[in-house]
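Work through the exercises below with the model open beside you. Try each task before reading its solution.

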Amino acid sequence: MVGLLIQHLVDGLTVGLVYVLLAAGLSIIFGVMNVINFAHGELFALGAYFAVALLVQAGLGAGGFVVALVLAPLLVGVIGVAIERFTVRPLYGRNPLYHILLTFGLVLVINDSIYLVWGTGSFRLPRPEIITGTVGVAGISVSAYNLFMIVIGSAMAASVWAGLKYTKYGLIIRAGAQDRQMVRNLGIDIDRYYSLVFGFGAALAAFAGIVLAGRQQVTPELGMSFIIPAFVIVVLGGLGSFRGAVAGGLLVGILQESILRPYAPALEGMIIFLLMIGILILRPQGLFGTEFAEDESHELLTSSGGGLIDHQTRLRLGGLLIGLLVLLPILANVLDNPQWVTLGTRVLIWGLFALSLDFVMGYTGLVSLGHALFLGLGAYVAALTLVHMTGSVFVALVLAIAVSAAIAWVVGYLSIRVHGVYFAMITLAFAELYYNFLYRVEFTGGSEGLGLLGIDRYYGVAGAGIDVGTSGIFVGPVVITGRALFFYLVLGSLIFAYLVTRQMLRSPFGSVLKSIRENEERATFIGYDTVVYKRRAFVVSGAFAGLAGGLFALNNAFVSPSVAEWLKSGEVIVMVILGGMGTLYGPIIGAGAYFGLESVLSDFTTRWRLVLGVIFVLFVIFLPRGLVSVPTLLDHHLSGAGPGPGPEPDVATEDSSHGGDD
Amino acid sequence: MAAETTGDRADDTAQRGETILELEGLIKRFGEFAAIDGVDMTVERGEFRSVIGPNGAGKTTLFNLISGALPVTSGTVRFDGDDITSMSPEARVRAGIGRSFQISNVFGGLSVRENVRLAAQANQQADYSIVQSLFKTTDRYSDINEATDRTLERVDLADLADVEANALAYGDRRRLEIGVVLAADPALVLLDEPTAGMSVEETRETIDLIEEVLVDQTLLLIEHDIELVMELSDRITVLNRGEVIAEGSPEGIAADQAVQDAYLGGVVE
């Protein structure tokens, strides 16, 4: 009994120390540069893979373990320096949320590179004889490698601590984490240290990755599975605090491995997110962090959209596009290209999802990193309705909207009082909580999910309507297939959502949202309760994301927990940025570009995310206002002399604000 | 500087001379340091009151406590007879406390009209149902738009109404800032160093504008320019180290020994 307890404790400490090393780098990078590095998990995985390359592929074998432990972190450190120098650096001075976007793009790039080089299989790292097997102490046997991990992990953490505390570099870095401007005022060029800090954090992550790789299999999902707990730890301990990273890492490691997994597996994966949410609400600076005077003065770069194209032309373009979409199923049928309808349906569902995110992100500056929560809610509510209550697709979708809106109110109520990066983190925590919940409860079908294929579904209410499985409806000479019918339902939903949100933006409500985006403090001091307005916007957004989720479930005739995974939240942000934030139609274009690119690229390579990631990173750096800003930019370049008279056109107001002119 | 009341907020019950703002035993501590250390102060309706004091006297903290930007440590703030000590900043604005900010503090990306319209709209948000406020186009609220036009006329920005606020010249921006305060139709206006960083001439223009358009409101001003304060104020409150050391007419303050000491002491230190 005691033996078992100790074994569990050793497990907890072992994994906890890996977390400590991972989170320490993440936290220091945030503290010094205000950069939330989503790619940190991939750098961690890269460390493990470099070790694989050296020991397995280059044939050094177990004897090379120590070589790998030195060499791989160095290599990853160099990559870290390059990342800072060439991608992170151009973004200083912008809203810190752009770093989240950028590093998410890097996740796609590095992760797909790993697939490309090492394939989808798993590797085992050979370990030297001396640290294999078990060690028995007083009748209790523990794995020698775990002990090794504890020793070397603690040694590394201690030397980082000592380095931060006793060296000149450490002093400057700690001072920088406290107050960058003050360090600059003292005449120290803190900016020079940025590359160093980033590279050092990356190397630390790689080191942790190798140590972990000796204990478990190395798979391409390694980074993805460690980054979220690492964020939990950094938030618990306090963004920017080394002590916090140590305490948080050990806490999460022990909680997860020593307590929850052996004794309460049903709660594993949920408690830590509840903890994270609780901390963010009660003490956003974390257990050991100091309160940040967060710099929110840098605005999000929203697009003017209509800057160049006038209102009339835009109406005509919109009409033309809708006309084309209406004809798409018929054309596809005639040309015998049914996959057009499939692709079109996907684009429109994701376009709706992206539009819903844009409504909060582009108009109120709330960057939700957990919007997949609402996609997942809508999907499961619709699926459960169809399985247990009624076959009516309409009832299922209305319930999906209602439940998502209600949950959005609750999440908004708890989240909106925290700002900026903390808001991003708390929404991420809610989404992960829900994702883990889906796995742990039975009525959702757990990891199996829910299938809808055997269930009678129809478009209508109270038993009357068109069967979903219908082979075709004859409208004069044209046959509308079942797929096409669903396509029209999705198209109608998207147009409905677009018109509703656009009208809201022209109302007093929308005008307040725009004022909040411009200057929240000022909006408060002319008499608006900005929290209430932001929460309402969040509810509207959640409702439409829920609708997208319901359609998503219907489209696949199947739901599984992956609908709520954080990658989905990341992908939808990618689409919003690709198209152009703060325009409503930009994100729909972004969704089109995303899937268009996928369908073109996937003909050539299965690793299309690599290309997409690179394109996205370039967009974040060079074209942050998205595709819809291209006409204006081209115009600038062609006319040469620049924008000409009048205010800067690229910060022009959104079109509906001109409504009051006439 | 008295004038007839012609403001939008009909002062049917309110009379000039009654107390509008009352601070009682106000204390604000930051850790050990008491930035405001037991301030009692009353301001009468229609008064032009200035708050002066050496650097670090607690003037801006006092404003923040009145406007709700900071919570008090202890004491009460009463406005129009109601205890507003725990009211949110936005609720205080709706109750009638307006605040002007430093010059850059307008909605830069929005048009001049939209800036003013938002303030006028804030004043009336309670009058509309949620459905109206979510879906009815802003053009169709004639009362808000009329109030907006009136305000634009008063601050002389009607011609620039469609210009983006970022593109305004310095002086016009100042007008806009005052227009935004005016559009919310406050009973009490807190003016936070409205002439900071201005030339003599710009200062003059700004003061003329304030006197012209805010004449019906009760004004509470923080200002460094002592000459200006002496000229404009009905009464002056002098703060030093978080305490009121003197209060009275401009003449009385000019002659006050404690005030002289505080200012001279500040210089010598």
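Predicted model: local features only at pLDDT ≥ 70, side-chain atom pairs only at ≥ 80, totals over all residues.

Residues are numbered from 1 along each chain as its sequence is written, while chains are lettered from A and ligands numbered from 1 in the order in which they are written.

**Exercise 1. Describe how domain 1 of chain A meets domain 2 of chain A.**

Step 1: Domain 1 of chain A covers 2–226 + 236–265, and domain 2 covers 311–642. These bounds come from an automatic or database domain assignment.

Step 2: Taken over C-alpha atoms, they are 35 Å apart.

Step 3: count contacts (C-beta atoms, placed from the backbone, within 7 Å). Domain 1 of chain A brings 19 residues and domain 2 of chain A brings 18.

Step 4: find the main contributor on the domain 1 side. Helix α4 (residues 97–118) of chain A gives the most, with 14 residues. Helices here are DSSP runs (H or I, at least four residues), numbered from the N terminus.

Step 5: sort that side by class. It has 15 nonpolar, three polar and one charged residues. Ala, Val, Leu, Ile, Met, Phe, Trp, Tyr, Cys and Pro count as nonpolar, Asp, Glu, Lys and Arg as charged, and the others, Gly among them, as polar.

**Exercise 2. Describe the chain A side of the contact with chain B.**

Step 1: count. Chain A supplies 26 residues and chain B 36.

Step 2: locate. On the chain A side, α17 (482–506), α18 (508–518) and α19 (520–525) each supply at least two residues. Helix α18(A) gives the most, with seven.

Step 3: classify. The chain A side has nine nonpolar, 11 polar and six charged residues.

**Exercise 3. Check the span of α22(A) and its packing.**

Step 1: take the length. Helix α22 (residues 585–601) of chain A has 17 residues.

Step 2: compare spans. First to last C-alpha is 24 Å, close to the 24 Å expected (1.5 Å times one less than the number of residues).

Step 3: find its partners. The buried residues of α22(A) pack against α13 (339–364) and α21 (566–579) of chain A. Among the buried residues are Tyr585(A), Ile588(A) and Tyr594(A).

**Exercise 4. Is Leu584(A) buried or exposed?**

Step 1: locate. Leu584(A) lies in the loop between α21 and α22 of chain A.

Step 2: read the backbone. Its phi is positive, about 70°, although Leu584(A) is not a glycine.

Step 3: apply the cut-offs. A residue is buried with 20 or more other C-beta atoms within 10 Å of its own, exposed with 12 or fewer, and partly exposed in between; C-beta atoms are placed from the backbone. Leu584(A) has 26, so it is buried.

Methods
Contact = placed C-beta atoms within 7 Å.
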